[in-house]
Structure formats: structure tokens, C-alpha cells
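Subject: Structure for your files

Hello,

Here is the structure I said I would pass on. My notes on it follow below.

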Amino acid sequence: MTVMVAGRAVRRGISAGRVGAVVNRNVGALRSGPAYWLVLLSGFFEPLLYLLSIGVGVGALVGMVPVGGRMVDYAVFVAPAMLAVSAMSGALAETTFNVFWKFKYAKTYDAVLATPVRPVEIALGELTWALVRCLFYTVMFLVVMVVLGLTSAGGALAAFPATALVGVAFGATGMAISTFLRGWQDFDLLTTGQFTLFLFSGTFSPVQDYPVVFEVIVTLTPLYHAVELVRGLAVGPLGWTLLVHAAYLVVMAVCGLWVASRRIEKLLLV
Amino acid sequence: MAEEPLIYARGLVKRFGEFTAVDGIDVAVERGEAFGFLGPNGAGKSSTMRMISCVSAPTAGELRILGMDPVRDGVAIRGRLGVCPQLDNLDADLSVFENLTTYARYFGLSRAEARRRAGELLEFVQLADRSAGKVEPLSGGMKRRLTIARAMVNDPEIMLLDEPTTGLDPQARHLLWERLYQLKQRGVTLVLTTHYMDEAEQLCDRLVVMDGGRIVAEGSPRELISRYSTPEVVELRFADGVDVAAKLDGVGERVDPLPDRLLVYARDGDAAVAEVHRRGLAPSSVLVRRSTLEDVFLHLTGRTLVE
């Protein structure tokens, strides 16, 4: 499959060098000052604080919860969800706030499109950078999980590639969404949506405990699939349903990327 | 066989919905030329430039850049163009030097090559001392020079400059013109838009005058002036409320009354002034000057360029 995708990319003229050049711009911007680094760090601590306060703190009151027929500590249940959330937030922060700024205000992409770089290459470059940021969070988070005994080293290794898929899926979708945002006021909507997913995607309580209607709604939303996939790999149980969750995220990534590059083309190349 | 023009357009049209920005223009730019689009705001200059830059597809007509089709071969063409947009879109998150090296990477230059090029270009646009600094504190003229350096990073065959000196003070403009002249001397084909006649006269070998999306005249600045104007122009101002236009009949070749002054087009300005005085008219101010492209534009469209 990789060979097929790569083959198509070459025929359509997607250049890895130009995608790399888009990433390179963001590496350069890292040197611009401490602002980006502060944002980067705060993005790491947020899910970690939730893990400690709710997973460990509230977990002391909750006791054990069932995961796939097995009883585990509440913190073990919550930790993979927070891992999925940190992958989501890391990628989303990059492809919403930063991409929107460059797209609409800084006119960064107008300058880039005057060169051989194509819209799809901009989208791929930004997505790659969002993935780098996402993996920076998830690696650190996995280390914390292993140190606190919330997953095994093997579980962490298995969950790691899944967090990459979560990052790519949310990063691509976020980029597509940010091409539709009218201004900063729309970010309130986005933040609210993101927070709702954060609370109700089987993150803090098993979705089976919800009324059936809500359970069905939740199973249609993306973070649920991200949490189930990451939790299945980090804590268990392994099963074929994990492939369904992974497929959901792959579809999200492909659609997001396609919409984002079409929108960049439609709005900037007029 | 003569070389194909670097830029060739026939019946080129650009529409945005109902609005026609470019209404069927024919253009051919040869290698090494400095070619200008002169016209007021809204004449269709920028839309034309965006089509030539391969970032805007023509609605109708034929367009070939460097012998290629801008829609199909956009990537290959853009790799050989240098684009200096009307509004600076430098990257505020990067240093002056990084603005150039980062841009060079989009064209596929290696890291070492990008650094070498950036160093050379900062020397060329006289910004070497600002290399490590941020973009934001630069003056308007410096930013424009940096944008031009950025456009040159891929050693382009054609430089596209959209209103390169709009908004700059006279000193900054002259420095920029001098740099662009150097580029032209090196054999780079320059294509620029402007609504300043002095800029067109300074830089362009040949230009087209655009108005309402159409080309209304074409030629070298000298040709246009001799075709559509007289060698000299007398500007006369009179005290308020005195209608003197009728009394100037026959003075010079043509009289153009503007809201604040009268223009007398004459082969010999001083002779025309003498004739005005002989007729007993007493203008409050008299200025004899050489004819400019502004006069050509006024004659062709009935309007001034900068309103």
C-alpha cells in the first residue's frame, strides 16, 4: 500500500524535497524566540495534569474499573485516553492556530505558492510538522506512563505508532477546518468542540455506561476511536475492532488532507 | 529562427464572477527586455501579473511563459521566475538571512548553496549588516529590497515586480531603481507594473498602457510621448472663476483643462507662453516642462493616473 501511495505521489509530482522545505521553515521559526517553546511545553503539561488530578486523584476514590473483562486501576484506564488527547491537541494546535495565522494573516503561503511548491505539498509539510510536535508530546507522555507503572514497556511501544496515526488524523482534519474559519472568534467554537470530545469520548468513563443514544453518538466521533485504539494497544485487550478504529483515523487523515489542499488551492490560487 | 518570446499572451482574459479584470490583452515580452504595465489602480495590472506568475489560471485566451503552459507546467515555470508581490509577505518569524535561505529551499537549493546565495544577495541589496536581525524593524524600503533579494534567490530568468516602489520615499525609490537597473544590465528580463510615470520612464524599454482591463497603447516611453503628446507642456494656473480655456484656442497644438490647471501641449513651450501673454492673459503661475507618460495617459483615457 505504501508503494502504491508513493507511486501515485510521484506521478502527480509531489516532491519530498519541497515538502521538506515547508517543514524546514518551521524548524527555522523555532529559533525565533521563547514564545513557541512556551506554547509547546504548556501543551505537554495539560493532559499530564489531568492524568494526575483525575486519573490518580479521583482514581483513589473510584478504585478499579473493568477494561475488556479485566479490572484495572482507574489511572490505568484514564492514562491511554490522556495520551490520545495529547496526540490530538498537539497536532490540532499546530494545524489550527499556527496554520490559520500563516494562511490568513501572515500570508506565508502566498509567498510559498509563488515558488514551485504546490498546495498539497504545503499541506503535507504542515502535517509533518504537526506530527513532529504530536510525537514530542506522546513520547514524553509514554515515558511518564511507564515510570508510573500505568503501562508496560511493550504496551508503550505498541501505542506509540497509534499516537502518530491519531496526530495525523486530527492534524489533517484541523488543517481542513482552519481553512474555513472566518476569524479568531471561530476558535471559541473549535475549542468548545475539542473540549466536548475530551470529556465524553470514553476518556473518563466507559462509554458503555452512557445511555444507548449517547453511546451511539460517541461511537461516531473521532476521539472515541483514537482513545479505544490507543487504550487497546497500551492496556489491552487486542482485537480485530482495533483495525476498525485505525481505519476510521486513516479515512479522517486522507479526507482532511484532501480538503485542506483543495481549499488552499481554491482560496489562494484565484 | 527568432527565439520565442519569454511571455506571450493572446486574447488573455481574467474574470472574477461577473467582473472582468483583464479583458482580452495581447502581450509579447522578449528576453532581456524591461517591460512595464502602466495604469491606474483597477486597470487589471495585478491580475495580469498573477496569471504570468502562474498563481492564477486565465479564464480565456492563450498564455505561454518560457514556452510552457502556466496551468500544466506551473511548477517548472515558477522555478524560473522571481516574484516580488505588491504587499511584502516576508516571514516575520525568521531572521533577514533565514528569509532568504528558507525561500531558497522551496526552489530545491541545497543548504550550502542557499547560504551562499543569501550572503551574496544581502550584499547586492545592501542589507548585509541586517542579516541576523528580524524583519519587522526594517524600513519600508529595506523590506522591499529584501523581498527583491528573496525573488532573486533562484537566479530567475524573469523578475516580476508588482508596483515595486509604491509607498516608498524618494530616496528609497532611487536606490531600488538603481538595483533593478543593475539586474537589467545582467540580462534579467524585468516585468513590472506601476502607476508612476517616472518609474516607467526610468526602467522600461517598452510598456503597455492599461485601462479598464484593456491595453490602450503600446511602445517605448519615447514613442508613446511622441505619438500621443507634444515635446513640451505648459501648465497654467489662473485666478478663480476666470474661464480662459476659450481664449487659448490655437495656442500650442491642444489645450486640456483640468480642475485646478490648464495644460497646453506645444512643440515649443516658451513660444506658447509668449503667445499667452500676447493675448493679454495673466496666469497666476506658469510652468514649462517636458512631456511625460502622465500626459500620454491623460490624453488616452481622459483621466490622471494617481487620483
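To begin with a detail of chain A: after helix H6(A) comes A:Gly149, which has a positive phi, near 70°. Please keep in mind that this is a predicted model.

H6(A) itself covers residues 119–147, 29 residues in total. From its first C-alpha to its last it reaches 42 Å, close to the 42 Å expected at 1.5 Å a residue.

The other item in chain A is a pair of helices, H10(A) (residues 222–234) and H11(A) (residues 241–268). Their axes come within 9 Å and cross at roughly 135°. The crossing is left-handed. On the H10(A) side the contact consists of A:Pro222, A:His225, A:Ala226, A:Glu228, A:Leu229, A:Gly232 and A:Leu233. These meet A:Leu242, A:His245, A:Ala246, A:Tyr248, A:Leu249 and A:Met252 of H11(A). By class, nine residues of this contact are nonpolar, three are polar and one is charged.

As to spacing along a helix, residues three or four places apart point the same way, because an α-helix has 3.6 residues a turn.

Chain B also has a helix pair, H8(B) (residues 221–228) and H10(B) (residues 293–301). These pack at an angle of about 50°, and their axes are 9 Å apart. H8(B) and H10(B) are therefore oblique to each other, and H8(B) passes H10(B) in a left-handed crossing. H8(B) contributes B:Pro221, B:Leu224, B:Ile225 and B:Tyr228 to the contact, while H10(B) contributes B:Leu293, B:Val296, B:His299 and B:Leu300. Seven of the residues in this contact are nonpolar and one is polar, with no charged residues.

Last, the interface. Contacts between the chains involve 19 residues of chain B and 23 residues of chain A. On the side of chain B that touches chain A, helix H2(B) (74–78) and helix H3(B) (96–106) each supply at least two residues. H3(B) gives the largest share of that side, five residues. The residues on that side of chain B are eight nonpolar, six polar and five charged.

Regards

Technical notes:
Residues are numbered from 1 along each chain as its sequence is written. Chains are lettered from A and ligands numbered from 1 in the order in which they are written. This is a predicted model: local features need pLDDT of at least 70, side-chain atom pairs count only at pLDDT 80 or more; totals for chains, interfaces and linings use all residues. Helices (H or I, at least four residues) and strands (E, at least two) are DSSP runs, numbered from the N terminus. The expected span of a helix is 1.5 Å times one less than its number of residues. Two residues are in contact if their C-beta atoms, placed from the backbone, lie within 7 Å. Ala, Val, Leu, Ile, Met, Phe, Trp, Tyr, Cys and Pro count as nonpolar, Asp, Glu, Lys and Arg as charged, and the others, Gly among them, as polar. Axes are lines fitted to C-alpha atoms, for helices over the stretch in contact, and angles run from 0 to 180 degrees between N-to-C directions. Angles under 35 degrees count as roughly parallel, over 145 as roughly antiparallel, 65 to 115 as roughly perpendicular and the rest as oblique. A crossing is left-handed if the near helix is turned anticlockwise from the far one by less than a right angle, and right-handed if clockwise.
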